[in-house]
Amino acid sequence: MQWFLLILAGVFEVAWAIAMKYSNGFTVLIPSVITVVGYIASAVFLALALKHLPLGTAYAMWTGFGIVGTTVLGVLLFNERLSIPQVICVILIVIGIVGLKLLSPSE
């Protein structure tokens, strides 16, 4: 259950970041509201996951989800470009997330 909560926290992390981009500096109402709600939801689900997961593991995975998710959606939604070194670094982050999950003593 704690891993599901952490994944939800990561989904909301990506959602608020993408909504913030659409908010145009908090000048567009709906994306601005989604940003605030997503930010709070992300923090709440992270806090719930932290009841049972180690802080370092959970926080690293949460930020990793955010980095990977916003990078992929930045390319898909905003036509952002990635260099080969950037792609390699994102792949390394994914490997780190998988490694943290596989090697985590908490289940």
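# Reading burial, contacts and a nonpolar patch

Author: In this predicted model, buried residues make up 33% of the 107 residues in the chain.

Reader: How many helices and strands does the chain have?

Author: The chain contains four helices and zero strands. Followed along the sequence, the pattern is α-α-α-α. The C-alpha trace spans about 45 × 35 × 15 Å along its principal axes.

Reader: What share of the contacts with a separation of 6 or more comes from residues 24 or more positions apart?

Author: A contact is a pair of residues with heavy atoms within 4.5 Å. Of the contacts in this chain with a separation of 6 or more, 72% are between residues 24 or more positions apart.

Reader: Where does Val28 lie, and what does its accessibility say?

Author: Val28 is in the loop between helix H1 (2-22) and helix H2 (29-49). Partly exposed is the class between the 20% cut-off for buried and the 50% cut-off for exposed. Val28 is at 36% relative accessibility and therefore counts as partly exposed. Leaving aside neighbours within four places in sequence, Val28 is in contact with Tyr22 and Ser23.

Reader: How far apart are Val28 and Thr57 in sequence and in space?

Author: Val28 and Thr57 are separated by 29 residues in sequence and by 35 Å in space, C-alpha to C-alpha.

Reader: What does the surface consist of?

Author: The chain exposes about 6,600 Å², and carbon and sulfur atoms supply 76% of that area. Part of the surface is a nonpolar patch, with about 1,100 Å² of accessible area together. Tyr22, Val72, Leu82 and Ile88 are among the residues that form the patch. The elements giving two or more residues to the nonpolar patch are H3 and helix H4 (84-103).

Reader: Which element gives the largest share of the nonpolar patch?

Author: H4 does, with six residues.

Reader: Ile88 is in the patch. What is its relative accessible area?

Author: Ile88, found in helix H4, has a relative accessible area of 46%, so Ile88 is partly exposed.

Terms used:
Residues are numbered from 1 along each chain as its sequence is written. This is a predicted model: local features need pLDDT of at least 70, side-chain atom pairs count only at pLDDT 80 or more; totals for chains, interfaces and linings use all residues. Side-chain values use heavy atoms; hydrogens and water are left out. Patches are made of residues with over 30% relative accessible area and no salt bridge: like charges are joined within 9 Å, nonpolar side chains (Val, Leu, Ile, Met, Phe, Trp, Tyr) within 5 Å. Accessible areas come from the Shrake-Rupley method with a 1.4 Å probe; for residues, only the protein chains shown count as cover. A salt bridge is a side-chain nitrogen of Lys or Arg within 4 Å of a carboxyl oxygen of Asp or Glu. Buried means under 20% relative accessible area, exposed over 50%, partly exposed in between (1.4 Å probe, protein chains only).
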